[in-house]
Amino acid sequence: MPRTVAIGVQDFGKIIKNHSFYIDKTKFIKEWWENHDDVTLLTRPRRFGKTLTMSMVDYFFSVKYAKESGLFEHLNIWNEETYKKMHGSYPVLFISFAEVKETSYIQTRKKICYIIKELYQQYDFLLENDLLSEAEKMEFQNISPDMEDYVASGSIKALCKYISRYYHKKVILLLDEYDTPMQEAYRNGFWREQVSFIRGIFNAAFKTNPYLERAIMTGITRVSKESVFSDLNNLEVVTTTSQKYKDCFGFTQDEVSAALDEFGLSENRQMVKNWYDGFTFGDQTDLYNPWSILNYLDKKRFSAYWANSSSNSLAGELVRGASKELKADFESLLQGKAIVAQMDEQIVYDQLDEDEQAVWSFLLAGGYLKVKQFLPYMSDFGEWREEYHLQLTNFEVKVMFHNMIRKWFQGASRGYPDFIKALLSGDLGAMNTYMNKVALSSFSYFDTGKHASVAEPERFYHGFVLGLLVELADRYVLTSNRESGFGRYDVMLEPRNREEDGIILEFKVQDHRIEKELSDTAKSALQQIEQKKYAQALIEKGISEKSIRKYGFAFCGKKVLIEGN
């Protein structure tokens, strides 16, 4: 009988006590301890077992679980005599920011302070003797959701001092999902206030804390040192490209194969690989997302479990609001191709709107992309550069982005197939009717306040092109912003069946200084297609010029006019 799969359980003790399905990752304990790093920041995509790993470390080292050594008796770490003796021998503070998802700075600050207050309440027994001075007892009792910044910044360090004094041993500090409040701060416009507040807490807890034995922080992203960890020079950062702990998160091919055998699903091994394989940490390839595998073992059907497990809204916003060039690269990714990017794995959230290489960094850290090849080199100008060849991680991620693109146009979704029919048949009237309907219903959705989509409508239309890709990929090779003739066209649809027409789309914003009517703008777009010979790329592939249809899209605000020839 296969073991029971416990979906969503992140408490290590509960999983082991209930004999639920568990893949042994206790080797992490030995590897981490023997690296002797003061503070370790581990970044992995969501649903990759970070919280379960932190829970495992807590159960292993914490004095609270000193009598529960049986949890580890049948696991790898118990084969190490040195580590058997270390079980239950340290005070451990385990903090999680996973639920800090408020939309304002005031509420986020209060939520973090409330978490610290709850942490203090676990050690109320320290007030019952003379271990603390009267002044310290007063400070202990003054910890609250409304405490001053200077109190909050030193609160975790102070609690470490009290606990260390009680147990006569330094404290192991675990902070799970440290970057969740940082992502929400970026999305909701209070990044600077949040950084200022959290930096003080981190500096006191992780750098100037003489009561700290060691610490682990986990998150999805590596937030830049300059913004959050400016004074933390004892931090060992482990990203998805690092060699450390490369197989301690996620399931390896051998582990997945053994799980499929246990559940009688081994005949589906190749399909499982197609859907869920593809993650790479360091040089460890063929890693699977645990969440998807557990759900597949439990439900025995294929679905985008990981992609649908929590919000992907930030990833969607970054792609949706990006430039034409980034969208063109994203189209290549959806077609299964690799793109080349130069980037820094540090995420500087307040630069995501300005530096599009940071978008690739975010998508890589989040697990949406994988590194196919990494090439560090010295440029001709003597600059050290790091070149990443990136691909979508697997079929599940591709399905997620296709579904996301569809939702961008849900305001006019009923007419969506009609527009495709109109485009392919050359029905200008129906195309204009649909496009104006989409513009009216969807422009407000695309205007996030950060990317000003109404002011730069090309971004909306390139998002629309990605929507077309979902429906037409089987019939057309769709490209955008590529060189042809004497310039770069906006969109080209190359028919896979040479008996069908090729299609070129050119978008133009009305310039009232030059074009009095929107029709003048549409004609200008068509003239540009002819003058710059955009059709040349299709002609060179054997498509007759008579079989190439050209459309000029003109727009002003939410008004759209399409003309063709």
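The side chain of D24 makes a polar contact with the side chain of T26 at 2.7 Å, where a polar contact is a pair of N or O atoms within 3.5 Å, one of them, within protein, able to donate a hydrogen and the other to accept it, and with residues adjacent in sequence counted only if both atoms are side-chain atoms. The side chain of D24 also reaches the backbone nitrogen of N76, again at 2.7 Å. This is a predicted model, in which local features need pLDDT of at least 70 and side-chain atom pairs count only at pLDDT 80 or more, while totals for chains, interfaces and linings use all residues. Residues are numbered from 1 along each chain as its sequence is written, and side-chain values use heavy atoms, with hydrogens and water left out.

D24 is placed in the loop between α1 (12–17) and α2 (27–35); helices (H or I, at least four residues) and strands (E, at least two) are DSSP runs, numbered from the N terminus. Which residues does D24 contact, leaving aside its neighbours within four places in sequence? They are L75 and N76, contact meaning heavy atoms within 4.5 Å. D24 is buried and yet has no salt bridge, and the nearest side chain of opposite charge, that of K25, is 8.6 Å away. Here buried means under 20% relative accessible area, exposed means over 50%, and partly exposed lies in between (1.4 Å probe, protein chains only). A salt bridge is a side-chain nitrogen of Lys or Arg within 4 Å of a carboxyl oxygen of Asp or Glu, and for charge Lys and Arg count as positive and Asp and Glu as negative, while His and the chain ends are not counted.

K25 lies in the loop between α1 and α2 and is buried, with a relative accessible area of 9%. If residues up to four places away in sequence are not counted, K25 touches M56, D247, C248, G250, F251 and E255. The C-alpha atoms of K25 and T53 are separated by 7.9 Å, although these residues are 28 residues apart along the chain. H19 is found in the loop between α1 and α2, and its phi is near 55°, a positive value in a residue other than glycine. Is H19 buried or exposed? At 63% relative accessibility, H19 counts as exposed. Y245, in the loop between β6 (235–238) and α10 (253–262), has a positive phi of about 55° although it is not a glycine, but Y245 is buried, with a relative accessible area of 0%.

The strands β2 and β3 (residues 171–176) run parallel and are joined by 5 bridges, and S96 stands opposite D176 in β3.

Another open sheet of 5 strands has the order β13-β16-β17-β18-β19, with mixed pairing. Because β13 (476–480) and β19 (559–564) stand at the edges with a single partner strand each, one side of each is left without a neighbour in the sheet. Strand β18 (residues 548–556) pairs with β19 in the antiparallel sense over 6 bridges, and Y551 stands opposite G564 in β19. Helix α20 (residues 518–531) packs on this sheet, touching β17 (502–509), β18 and β19, and its direction makes about 140° with that of β18. The strands β18 and β19 form a hairpin with 2 residues between them, and G557 in the turn has a positive phi of about 65°.

For the protein as a whole, there are 21 helices and 19 strands, and buried residues make up 53% of the 565 residues. Of the contacts with a separation of 6 or more, 72% are accounted for by residues 24 or more positions apart.

Conventions
Pairing = 2+ DSSP bridges. Axes fitted to C-alpha atoms, helices over the stretch in contact; angles between N-to-C directions.
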